[in-house]
Amino acid sequence: MIMQQVCVLGSTGSIGQNTLDVIARHPERLAVYALSAHSRIERLAAQAAATSARVVVVADDGARQRFLNAWPGGAMPEIRVGAQALADTAADPEVTSVMAAIVGAAGLPSALAAARAGKRVLLANKEALVAAGGLFMRTVRECGAELLPIDSEHNAIFQCMPHGGRAQAPTQPAPGVRRLLLTASGGPFRAMAREQLDHVTPDQACAHPNWRMGRKISVDSATMLNKGLEVIEAHWLFAMPEERIQVVVHPQSMVHSMVEYEDGSVLAQLGQPDMRTPIAYALGFPERIDSGVGLFDLAAMGRLDFELPDLERFPCLRLSFEALRAGQAACVALNAANEVAVDRFLKHQIGYTRIACIIESCLERMSAKAMPRPDTLDEVLDLDAQARGLASELCISGS
């Protein structure tokens, strides 16, 4: 058995921590080569010591000094600094698998670097596909990389698709597949009166009923922008046209997604809402390995409910479908505007319902500029910066 050397980008976040939990269960086949963190440097030091990581990557010299101050003793890992070091580490010849779990557009260059280096990419960073889907999937194909989705919904679809034990980047829908059905919990405000949404606080938006996640992704789940991004991701991951992707609200979060075939069969992947399941699936692929997740008691559930999403309550989902139809540039703007608006909401600078308004205004104004399709990383990042600047202005102006 070949020992996998895993690079965990964003190791101090929820995905990163769950990844380390699964790795620790399989010392005979999985080892930590490198870890990275942006701000939780003390936690990074503890993780590096516990896993005997050979490399850590931090953002700047200040973070490097914090790491040194926090180091508990023992063999010191190599400390690499800066964004280029992050990309270089993802492409390091010693690395076999890369968990791309850095949140936001900041994770795009390193994820792309891993794909260019032909690594097994465990993709938990949405922006790699939302902002640069064409570029990223083309790179995976041309460089012989493996791509395994970590989002529970896409991982579920992948498990239900015919893939022959290979993780590739398709150019057309799988034969016999009619539709992809992405499930969504509906978040904490699925049944809240619409007039109360204006007064939602960040803490309320981050109180997801089923999943424990970071604050940014928790807000995205509440607005269902997260599900919209997943629709865009599914389009690229499975070469599936937008009209053959449907979102279904499923409050229990036990059915993680479904694939409908031409003969009427629907294959669903079920399980507890625990991210260690998709992480273990990707780390062990094509074998299945222990994730640490307990038995699934379906009888105790009693019922599974499904309903269509309310696009008036969740305008961000509607905007996501519109952006996908409009093209890659609109998807870049959608994601960038959302990141800015959510950040301002979490800082109590704008109200909850303003998030969708800012995204929609940004999309309208950017589309008026006849945005070209971005075909390179630099073009993606330039368009991303433009959209962020406009969204920041909209947050201040109240337009």
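Trainee: What makes glutamate 262 and arginine 178 a salt bridge?

Mentor: Their side chains meet at 3.6 Å, N to O. A salt bridge is a side-chain nitrogen of Lys or Arg within 4 Å of a carboxyl oxygen of Asp or Glu. So the pair counts as a salt bridge. Keep in mind that this is a predicted model, where local features need pLDDT of at least 70, side-chain atom pairs count only at pLDDT 80 or more, and totals for chains, interfaces and linings use all residues. Residues are numbered from 1 along each chain as its sequence is written, and side-chain values use heavy atoms, with hydrogens and water left out.

Trainee: Why is the pair of glutamate 262 and arginine 178 said to tie parts together?

Mentor: Glutamate 262 lies in the loop between strand E10 (255-261) and strand E11 (266-270), and arginine 178 in strand E8 (residues 177-184), so the pair ties together parts 84 residues apart in sequence. Helices (H or I, at least four residues) and strands (E, at least two) are DSSP runs, numbered from the N terminus.

Trainee: Why is arginine 178 called partly exposed?

Mentor: Its relative accessible area is 31%. Buried means under 20%, exposed over 50%, and partly exposed in between (1.4 Å probe, protein chains only). Arginine 178 therefore counts as partly exposed.

Trainee: How many salt bridges does the structure hold?

Mentor: The total is 30. One of them joins arginine 54 and glutamate 94, at 3.7 Å, N to O. That pair links distant parts of the chain, 40 residues apart. Arginine 54 sits in the loop between helix H2 (41-51) and strand E3 (55-58). Glutamate 94 sits in the loop between helix H4 (83-90) and strand E5 (97-100).

Trainee: What about glutamate 153 and lysine 227: buried or exposed?

Mentor: Glutamate 153 has a relative accessible area of 10%, so it is buried. Lysine 227, at 6%, counts as buried too. Their side chains meet in a salt bridge of 2.8 Å, N to O. Glutamate 153 is in helix H8 (residues 152-160) and lysine 227 in helix H11, 74 residues apart.

Trainee: How do you know that cysteine 316 is in no disulfide?

Mentor: A disulfide is a pair of cysteine sulfur atoms within 2.5 Å. By this rule the count comes to zero disulfides. For cysteine 316, the nearest cysteine sulfur, that of cysteine 357, is 9.0 Å away. Cysteine 316 is buried, at 2% relative accessible area.

Trainee: How do you know that the span of helix H14 agrees with its length?

Mentor: The expected span is 1.5 Å times one less than the number of residues. H14 (residues 315-326) has twelve, so it should span 16 Å. Its end C-alpha atoms are 16 Å apart, which agrees. Just after H14, glycine 327 takes a positive phi of about 125°.

Trainee: Which residues of H14 are buried, and what do they pack against?

Mentor: Cys316, Leu317, Leu319, Ser320, Phe321, Ala323 and Leu324 are buried. Contact means heavy atoms within 4.5 Å. The partners of these buried residues include helix H10 (215-223), strand E9 (245-249) and helix H16 (354-367).

Trainee: Why is phenylalanine 306 called partly exposed?

Mentor: Its relative accessible area is 41%, so it is partly exposed. Phenylalanine 306 lies in the loop between helix H13 (298-301) and H14.
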